[in-house]
Amino acid sequence: MYDAVVFDNDGVLTERTDRDVLRRAVRATFESFDVDPGEALLDDFVAGVSPDRVEETCARLDLDVDAFWRERDAQFAEYQCRATDRGEKPAYDDVAALEALDVPLGVVSNNQNATIDHVFEAHDLHRHFGTWYGREPTMESVRRKKPEPYYIERALADLDAETALYVGDKATDVVAAHAAGIDSMLVRREHNCAVSPDPGPTFDVDSLHAIPPLLEK
């Protein structure tokens, strides 16, 4: 049915990073520029921040946008890698389903490249995938992240895929797959039980073990 499967990482292959870890990374970022961010700004910059919000904040604080974002991504990667090494970002048990997949596999994540590389090394996940993309530490990568299809399309080209499935846990994953012209699968975990994507996913499942039977049809 599919000649490739591409996955999100956080919340799909490995557990999401604890929000307190990300808050500490945000604080470290601002403090490296001698800025006390305050609680509201900390929350605003933990995840999902838009390019416009970054640019507005940097203009208000008289910070160089590109330098700020490089530091932000470096701190996020550092804090998440440490959390992984402490056992705080484990792989889900159902990643065992990857062993049963005999089509090319890839990963597209909105997390940093450095974070994905470290997490994959820690959990021996590299061996499953022919290609994987996190974000580069640039504002351009923020504009290209999901729900934009840019990185998914790059992964599909790498895998020479014509009919592919994208597996995620967020509405933005479903939107990105739709924009790339491929089917989507939403994996339900504890953190996304109430998510109602629009458009809806092609498949709505509670385990990665739902994937191998699809490839047998």
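In the predicted model, Cys81 has a relative accessible area of 13% and is therefore buried, since burial is assigned under 20%. Cys58 likewise counts as buried, at 1% relative accessibility. A disulfide is a covalent bond between the sulfur atoms of two cysteines. With a cut-off of 2.5 Å between cysteine sulfur atoms, the count of disulfides comes to 0.

Burial also applies to Thr57, for which the relative accessibility is 1%. This threonine belongs to helix H3, which spans residues 51-61. Its side chain reaches the backbone oxygen of Arg53 at a distance of 2.9 Å. When neighbours within four places in sequence are left aside, the contacts of Thr57 are with Phe30, Leu41 and Phe45.

In soluble globular proteins, nonpolar side chains tend to be buried together. The largest nonpolar core of the model comprises 27 residues, and those with the most contacts inside this core are Phe7, Leu13, Phe129, Val167, Met185 and Leu208. At least two core residues are supplied by each of the strands E1 (4-7), E2 (105-112), E4 (164-168), E5 (183-187) and E6 (203-205), and by each of the helices H5 (113-123) and H9 (211-216). Another core, of 22 residues, lies apart from the largest one and includes Leu41, Val46, Phe68 and Met139.

Key:
Residues numbered from 1 in each chain as written. Predicted model: local features only at pLDDT ≥ 70, side-chain atom pairs only at ≥ 80, totals over all residues. Heavy atoms only, no water. Core = buried A, V, L, I, M, F, W, Y, C linked by side-chain atoms within 4.5 Å. Buried < 20%, exposed > 50% of the residue type's maximum accessible area, 1.4 Å probe, protein only. Helix = DSSP H or I, 4+ residues; strand = E, 2+ residues; numbered from the N terminus. Polar contact = N/O pair within 3.5 Å; in protein donor to acceptor, adjacent residues only side chain to side chain. Contact = heavy atoms within 4.5 Å.
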